[in-house]
Amino acid sequence: MTPPTTFVIGAGRLGRSLTNALALAGWPVIGAWSRSPLTVDSLAGTPVFHGALPEAAIEAAELVVLTVPDAALSSVAARALRPHHLAIHASGGSPASVLRVTQESPRSVACAHPLQSFSAAVAPPAHFHGVAFGVEGEPEAAAVGQALAR
């Protein structure tokens, strides 16, 4: 599988670590977003946006990974996801369907939850090695979630 062009929404500990690991593994990560300013402007060469959602950058992605708090998943999905997107969230407490904004949008949804905590500001990519992921969702997005977990 060729990794899809990816944008990560939520640049907390998991979002920063995942952005860094995916970019260093060769995934085309075009950006990450945080609601508040971070102390870094990029992660492994990937630009980090803050403040308002960068709609043009998100629109350019095929895959949008949401690493926001559970309570924000539905509202962020409604604002950010488009019909062409594959969407994956990393919550262990919500089903993939929380991202289903409408029947047509996004294209396919899944959850890929790492069974690991992330306490460092940016965990090294090796932190993901051997970590089990719980993956569930619609077939197309779930297949991408399984690839992401490798």
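I searched the whole structure for salt bridges and found 4. The model I am working from is predicted. My reason for looking is simple: side chains of opposite charge can pair when their charged atoms come close.

**Entry: Glu62 and Arg107**

I looked up Glu62 first. Glu62 makes a salt bridge with Arg107, and their closest N and O atoms are 3.1 Å apart. I then checked where the partners sit. Glu62 is in the loop between α2 (55-59) and β5 (63-66), while Arg107 is in the loop between β6 and β7. The two are 45 residues apart, so I noted a link between distant parts of the chain. I also asked how open each side is. Glu62 is partly exposed, with a relative accessible area of 31%. Arg107 is partly exposed too, at 34%.

**Entry: Glu140 and Arg107**

Which other residue pairs with Arg107? I found Glu140, with the closest N and O atoms 2.7 Å apart. Glu140 belongs to helix α4, and Arg107 to the loop between β6 and β7. These partners are 33 residues apart, and the pair links distant parts of the chain. Glu140 has 39% relative accessibility and counts as partly exposed. I put the pieces together: Glu62, Arg107 and Glu140 are linked in a network of salt bridges.

**Entry: Glu138 and Arg100**

I turned to another salt bridge, this one between the side chains of Glu138 and Arg100. The distance from N to O is 2.6 Å. Glu138 lies in the loop between β8 (133-137) and α4, and Arg100 in the loop between β6 and β7, so the bridge ties together parts 38 residues apart in sequence. Are these residues buried or exposed, or something between? Glu138 is partly exposed, with a relative accessible area of 28%. Arg100 is partly exposed at 21%. The cut-off for buried is under 20%, so Arg100 does not count as buried.

**Entry: the largest pocket**

Next I looked for empty space. Rolling a probe the size of a water molecule over the atoms shows where such space is left. The largest pocket holds about 310 Å³. I counted its lining at 17 residues. Ala25, Phe128, Leu148, Ala149 and Arg150 lie nearest the centre of the pocket.

Which helices supply at least two lining residues each? I noted α1 (13-24) and α4 (139-149). The largest share, 4 residues, comes from α1. I sorted the lining by class and got 14 nonpolar, 2 polar and 1 charged residues.

**Entry: the largest cavity**

How many cavities of 30 Å³ or more are there? I found 1. The space in the largest cavity is about 40 Å³. Its lining includes Leu14, Leu18, Val65, Ile88 and His89. Also in the lining are Ala90, Ala112, Pro114, Phe128, Phe133 and Leu148. The elements that give two or more residues to this lining are α1, β6 (86-89) and β7 (108-114). By class, I listed 10 nonpolar residues, 1 polar and no charged ones.

I cross-checked two names. Phe128 and Leu148 line the largest cavity, and both are among the residues nearest the centre of the largest pocket.

Key. Residues are numbered from 1 along each chain as its sequence is written. This is a predicted model: local features need pLDDT of at least 70, side-chain atom pairs count only at pLDDT 80 or more; totals for chains, interfaces and linings use all residues. Side-chain values use heavy atoms; hydrogens and water are left out. On a 1 Å grid over the protein atoms alone, a cavity is a set of points where a 1.4 Å probe fits but cannot get out, and a pocket is an open set with protein on both sides within 12 Å along at least five of seven lines; lining residues have an atom within 4 Å of a point. Grid points are joined across faces, edges and corners, and a volume is the space filled by probe spheres set on the points. Ala, Val, Leu, Ile, Met, Phe, Trp, Tyr, Cys and Pro count as nonpolar, Asp, Glu, Lys and Arg as charged, and the others, Gly among them, as polar. Buried means under 20% relative accessible area, exposed over 50%, partly exposed in between (1.4 Å probe, protein chains only).
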